[in-house]
Structures are given as structure tokens and as C-alpha cells.
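I opened this structure for a first look and kept notes as I went. The entries follow the order in which I looked things up.

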Amino acid sequence: MQHNTDPYAVQSVDRALMLLTLVSARGELGVHDAARALNVAASTTHRLLSTMAFRGYVIQGEDRLYRPGPRILGPRVEERIPHLIRIVRPFLQDLNATVQETVHLLILSGQEVKLLDGFESHHNLRVTLRTGTSVPAHAAAAGKAVLAEMDPRTVVALYAEGVPPSAGNGPGSVTEILAALGEVRQRQYGLNEEEVEPGVGALGASISLPERDLHAGLSIAAPTVRFDRSIAEKHGQALLRTCELVRAELRSAWDNEPSS
């Protein structure tokens, strides 16, 4: 990799920044490719990438390749958000019609999930749309579902500097987050019982495609007077079916695109 020499540059920081640029540009990077690009020993790039993975800036897959981590939203995903919304919207609308409650599409960004799109319930007493807002991922139902699909080491790295407070009674420590994610894996969907907002319950499931740097999910939200575990179970099946269809559609659409 060609770069200008800066007499004030700290070499290790400079190399780490170049690695971040490479991972974001290519989408995935191996230790030996990184070493060749930086013209350094593989052991050097391994140490740098391991540190970046610990801090959540990259994640390492089972194929040993490093990809953009949850602390950075890869440029490819940011560019695809309008396309993501267009693909998911019909499925979201159908889910809204099925469960008759407010539904949202969310995407993970650092320690938060951003609400990108949604359809509101027609009940007089309902959860209003929160499109355009962000909430703590560890407290949101869909946020938990997205985090539950990640390697626990990545989750620990994401909260290495502490767990931000939530408005409700969400997990307050990394240990509590990991315990909650274990329950999510058993159920296949996340629950939020007034953890983000008093009087509001929600369930959420993941539509993530880690190979495409996409960490996102769908949620169903309702007033707590209409939300209990039996309703969550009933709506959970509809939610999981929808998420399965969405993932298939996203893979079909995005697998036909060239990787960056």
C-alpha cells in the first residue's frame, strides 16, 4: 500500500489506521494479505488485528478472515441502507398486517440500533413509529437478537468501555448482557419488557448477514397492556417466518452484486 510519510506519525497507529482502511475497502482481510499490503511481518499484522478485534473495530470469522466490526458501520452497508429499506418494506408491511402492531426495521451501529423504517399499528392505543431514532442495542428486542448472533468475544469488545444506561430496566453489565443473549439464542428472538421505554413491550429477531457486514433486525412493539409472554410466542412465530423470508431475499439480491 502506497502512503505518504509523515514525520510525526506513530508507526503502530498509522498501521492500524491503514488496516481499518483496507478492511473497510475490501470487506474482508487475512493476516498474510494485510502483511503484504503493509510490507511488515505477519506477526505484526496479527497483533494489530487481534487488538482491533478486542476493541470491536473488526471481527474474525470462522474462515479466519477479518471484517468490519460493530464499532464501525462499513461504507458498503451505509450505501445500501436505501436498498435495504426497499427490499424489507413489503415484508415489514405484511408483518404489520399479520400482527396488527407497530413494526420496525433496525440496524446496529456501535452500541445502538437505529430505527430505519416501520409501520404503525391501527389500534387506538398503540406504540407510535420511532423511525429516525436510536436506542441502546442491549435493551432493544431486535438489538439483543442481533447481538446474540455475534461471537460473545465481539460483544464483550463492543462494551469494553462500559454499558450505557437504558431508560428502563435493561441489562446493566456485560455479564447480564451475555446472560440475556443466551436466553435469546434459546428462543430465537429477543424480548424487551419495558427496558427501553415504560409501558412498551417488544420482541425482535435478526436478519443479519455477517458476510455482507449487515447486522440488522425486525421488531414488533405493543403497549404492555397487550403484551405478555403468550402473545410474544404467537407473534414470535410470525416474526421468525418473516425474518427468514427477508434474509433469503437479501441474499438473493446482494449475492448478485460484486463484493467490494
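**Entry 1: helix H5**

I began with helix H5 and found Ala141, Ala142, Gly143, Lys144, Ala145, Val146, Leu147 and Ala148 buried. H5 spans residues 141-148, and eight of its eight residues are buried. I note that this is a predicted model.

Next I asked what H5 packs against. At what angle do H5 and H7 pack? Helix H7 covers residues 174-187, and the angle is about 85°, with the axes 9 Å apart. The two helices are therefore roughly perpendicular to each other. From H5, the residues Lys144, Ala145, Leu147 and Ala148 meet Leu181, Val184 and Arg185 of H7. I sorted the residues of this contact into five nonpolar, no polar and two charged.

H5 also lies across strands of the sheet: E3, E4, E6, E7 and E8. Its direction runs at about 30° to E7.

**Entry 2: the sheet**

I then traced the sheet. In what order do the six strands stand? The order is E5-E4-E3-E8-E7-E6, the sheet is open, and the pairing is antiparallel. E5 and E6 stand at the edges with a single partner strand each, so one side of each has no neighbour in the sheet. From one strand to the next the twist averages 30°.

Helix H8, residues 229-254, packs on this sheet too. H8 touches E6, E7 and E8, and its direction makes about 35° with that of E7.

**Entry 3**

Strand E5 (residues 134-136) is joined to E4 by three bridges, and the two run antiparallel. Glu112 has Pro136 in E5 as its bridge partner.

E4 itself runs over residues 112-119, and six of its eight residues are buried. How many bridges join E3 to E4? I count seven, with E3 at residues 102-109 and the strands antiparallel. One pair I checked is Val103, which stands opposite Phe119 in E4. E3 and E4 form a hairpin with two residues between the strands. There, Gly110 takes a positive phi near 65°.

E7 and E8 run antiparallel and are joined by seven bridges. Gly204 stands opposite Ser219 in E8. Gly204 of E7 is also the bridge partner of Gly190.

E6 covers residues 190-193 and pairs with E7 in the antiparallel sense over four bridges. Glu193 stands opposite Gly201 in E7.

Is E7 mostly covered or mostly exposed? It is mostly covered, with seven of its seven residues buried. In a regular strand the side chains alternate between the two faces of the sheet. I listed both sides for E7. Val200, Ala202, Gly204 and Ser206 point one way, while Gly201, Leu203 and Ala205 point the other way, and all are buried.

**Entry 3: His215**

Where does His215 lie? I found His215 in the loop between strand E7 (200-206) and strand E8 (216-223). Its relative accessible area is 10%, below the 20% cut-off, so His215 is buried. I then listed its contacts, leaving aside neighbours within four places in sequence. They are Ile59, Ile107, Leu108, Val146, Met150, Ser208 and Pro210. Val146, one of these contacts, is among the buried residues of H5.

**Entry 4: H2 and H3**

H2 brings Val31, His32, Ala34, Ala35 and Leu38 to the contact, and H3 brings Ala42, Thr45, His46 and Leu49. These residues divide into six nonpolar, three polar and no charged.

I also looked up Ser50, which lies in helix H3. Is Ser50 buried or partly exposed? Ser50 is partly exposed, with a relative accessible area of 30%. Between Ser50 and Gln60 I noted 8.7 Å, C-alpha to C-alpha, and the two are ten residues apart in sequence.

Technical notes:
Residues are numbered from 1 along each chain as its sequence is written. This is a predicted model: local features need pLDDT of at least 70, side-chain atom pairs count only at pLDDT 80 or more; totals for chains, interfaces and linings use all residues. Side-chain values use heavy atoms; hydrogens and water are left out. Contact means heavy atoms within 4.5 Å. Ala, Val, Leu, Ile, Met, Phe, Trp, Tyr, Cys and Pro count as nonpolar, Asp, Glu, Lys and Arg as charged, and the others, Gly among them, as polar. Buried means under 20% relative accessible area, exposed over 50%, partly exposed in between (1.4 Å probe, protein chains only). Two strands pair if DSSP finds at least two bridges between them. Axes are lines fitted to C-alpha atoms, for helices over the stretch in contact, and angles run from 0 to 180 degrees between N-to-C directions. Angles under 35 degrees count as roughly parallel, over 145 as roughly antiparallel, 65 to 115 as roughly perpendicular and the rest as oblique.
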